Amino acid sequence: MPTAVLETVADYIGQARVLLQDTVPDYRYTDAELLAGFNFGITEAYNLRFDIFVGLGATSSRVPRFTPALPYYPAVDTTPVNFPVQYRIALVFYTIGHAQLRDDENDQDQRAVAFKAMFRQQLGVQ
Amino acid sequence: MASVEIARLITNLQLRLPGALANAMQTEMFVVMDKFFKSSNIWREDITFEVAGQDPPNTTYTITPAGSSLINKLLWIYDVTDTTVVSPPQVMGGMRIPGEIVLSLQPAENRVYQATVVLTVTDPTQRDGYVEFPDWILSKYRDVIEDGVLGRMMSQPNKPYTNLPLAQFHTRQFTSGVSTARVDAKTQNVYGAQTWRYPQTFAVYRQRRGGF
């Protein structure tokens, strides 16, 4: 039973599909495309908010926690995503924004930019 | 360290740092505590070590503190071989490398010396990731530690809790609190006490004997 929202990779991709209105197969955006955006979001979060990842790479709680590892998720499955609860929705926004960047309609471009901005805003980056 | 005390501190910090993460606060807290102890000299420990009479001059005596801590300064050394002496004589020595004592004058016979050293924090931290130091220091200087962590956290660039004016304010409060702690250490927490006493080793006369 889930104890919090957006716990696994599948949760993030599933929520992104809801906002993309792409929940019925055959999907407009493939799992691989959305997963790539999700991992790019992790990388971007690592760049903007390094403190989120402090402690994630520690093998023991008594080892100094200044060796953060950049997580990578290779498949859309039930692998838990180790990310602070209050910032998880930001990854959904980035995944959506990245997916919509590939479209060349003007309104999609605007939505892509808006979702990327929401990603930064949600992370609290000025 | 009592988890209740730490939980209260972290809760207070999170109220003032929207979006701050525990790991980031733990990291800054380590730096704050290190600065606090090095500047205030409040954390002290007495460590006894034996000196053999036949040791050559400039012999190095290695001392290690009891818990997870690092020796920062040497305050003084006393000769505590004779436990019946009320005012043990002071011994001169130095510590070029923290933890390694070299005596100015090597004794002719076996002696037991007690070195009082100032400590600071070190790795590894506790199992929950928080830096380790005596409980009473957090209880007594909670507000000072809180100001220190707030100052450092708020000075981080591009964070939801970044606030440079408040960072300066809290850092000033922290510096003031460290000064208070330094005085407390000198007066050994006695209210209104003078920080200096006439060296008792020079006290030849006693009042009880009418000055003779």
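Helix 5 of chain B, which covers residues 164-187 of this predicted model, has 24 residues and reaches 35 Å from its first C-alpha to its last, close to the 34 Å expected at 1.5 Å a residue. Helices here are DSSP runs of H or I with at least four residues, strands are E runs of at least two, and both are numbered from the N terminus; the expected span of a helix is 1.5 Å times one less than its number of residues. At the start of helix 5 of chain B, a side-chain oxygen of B:Asn163 lies within 3.2 Å of the backbone nitrogen of B:Leu166, and the helix is followed by B:Gln188, whose phi is positive, near 55°.

Several residues of helix 5 of chain B are buried, among them B:Ala167, B:His170, B:Phe174, B:Gly177 and B:Val178, where buried means under 20% relative accessible area, exposed over 50%, and partly exposed in between, with a 1.4 Å probe and protein chains only. The cover over the buried residues of this helix includes helix 1 (3-16), helix 2 (22-40), strand 1 (44-51), helix 3 (135-140) and helix 4 (142-154) of chain B.

Helix 2 of chain B has 19 residues, which at 1.5 Å a residue should span 27 Å, and its end C-alpha atoms are 26 Å apart, which agrees. Just after helix 2 of chain B, B:Asn41 takes a positive phi of about 60°.

The largest nonpolar core has 50 residues, and those with the most contacts inside it are B:Leu17, B:Met29, B:Met33, B:Phe36, B:Phe37, B:Phe49 and B:Phe133; such a core is a set of buried Ala, Val, Leu, Ile, Met, Phe, Trp, Tyr and Cys residues joined through side-chain atoms within 4.5 Å. Helix 2 of chain B supplies the largest share of this core, eight residues. A second, separate core of 31 residues includes A:Leu6, A:Ile13, A:Ala90 and A:Phe93. Leaving aside neighbours within four places in sequence, B:Phe37 is in contact (heavy atoms within 4.5 Å) with B:Ile42, B:Trp43, B:Val118, B:Leu119, B:Thr120, B:Val121, B:Phe133 and B:Ile137.

Taken as a whole, chain B has five helices and seven strands, and from the N terminus on its elements run α-α-β-β-β-β-β-β-β-α-α-α. Of its 212 residues, 40% count as buried, and residues 24 or more positions apart account for 75% of the contacts in chain B with a separation of 6 or more. Chain B exposes about 12,200 Å², of which carbon and sulfur atoms supply 52%, with areas taken from the Shrake-Rupley method with a 1.4 Å probe and, for residues, only the protein chains shown counting as cover.

Chain A has four helices and zero strands, in the pattern α-α-α-α along the sequence. Buried residues make up 40% of the 126 residues in chain A, and its accessible surface comes to about 6,800 Å², of which 56% belongs to carbon and sulfur atoms.

Confidence is given by pLDDT, the predictor's confidence in each residue from 0 to 100. The mean pLDDT of chain B is 89, and 90% of its residues reach 70 or more. The mean pLDDT of chain A is 85, and 82% of its residues reach 70 or more; over residues 60-64 of chain A the pLDDT is below 50, and this stretch has nine contacts in the model beyond near neighbours in sequence. For the complex, the predictor gives an ipTM of 0.75 and a pTM of 0.82.

Residues are numbered from 1 along each chain as its sequence is written, while chains are lettered from A and ligands numbered from 1 in the order in which they are written. Local features need pLDDT of at least 70 and side-chain atom pairs count only at pLDDT 80 or more, whereas totals for chains, interfaces and linings use all residues, and side-chain values use heavy atoms, with hydrogens and water left out.

How values were computed
Polar contact = N/O pair within 3.5 Å; in protein donor to acceptor, adjacent residues only side chain to side chain.
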